[in-house]
Amino acid sequence: MQTVQAIEAKPQKPQPVLDDDTLLTSAQVRARVGGVSTMCIWRWMRDERVQFPRPAKMNSRNYWRLGDLRQWQAER
């Protein structure tokens, strides 16, 4: 049995530092912008007024640069 002191002394995993070139999946992007649906993101990308960042396509999947999303959010 571990003592309370031994449990508290466990090192915490450091949180990864996310730079602007980090690629986010569709699910991560939707969560970041308020839990919206995939269809909402699709509509935002096609609406000139919203100017949602365009994703990079890799293996038929969409990935967004974190820096682009941060900039888009800062402008709103």
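Select α3 to begin: its buried residues pack against α2 (26–32) and β3, where contact means heavy atoms within 4.5 Å. Helices (H or I, at least four residues) and strands (E, at least two) are DSSP runs, numbered from the N terminus. The model is a predicted one, in which local features need pLDDT of at least 70 and side-chain atom pairs count only at pLDDT 80 or more, while totals for chains, interfaces and linings use all residues. Residues are numbered from 1 along each chain as its sequence is written, and side-chain values use heavy atoms, with hydrogens and water left out.

Within α3 (residues 38–46), display the side chains of Cys40, Ile41 and Met45, which are buried; the term denotes under 20% relative accessible area, with exposed over 50% and partly exposed in between (1.4 Å probe, protein chains only). Turn the view to look down the axis of α3: the buried residues fall within an arc of 135°, so they line one face of the helix. That arc is taken from the directions from the helix axis to the C-beta atoms.

Next, select the strands. They form an open sheet of 3 strands in the order β1-β3-β2, with antiparallel pairing; two strands pair if DSSP finds at least two bridges between them. Because β1 and β2 stand at the edges, each with a single partner strand, one side of each is left without a neighbour in the sheet.

Take the β1 side of the sheet. Strand β1 (residues 23–24) is joined to β3 (residues 61–65) by 2 bridges, and the two run antiparallel. Leu23 has Arg65 as its bridge partner in β3, and Leu24 stands opposite Trp64.

Finally, select helix α4 (residues 66–74), which lies across β1 and β3 and runs at about 60° to β3. Axes are lines fitted to C-alpha atoms, for helices over the stretch in contact, and angles run from 0 to 180 degrees between N-to-C directions.

Centre the view on Leu66, which lies in α4. Is Leu66 buried or exposed? Leu66 is buried, with a relative accessible area of 1%. Leaving aside residues up to four places away in sequence, Leu66 touches Leu18, Asp19, Asp20, Thr22, Leu24 and Arg32. The C-alpha atoms of Leu66 and Leu24 are separated by 6.6 Å, although these residues are 42 residues apart along the chain.
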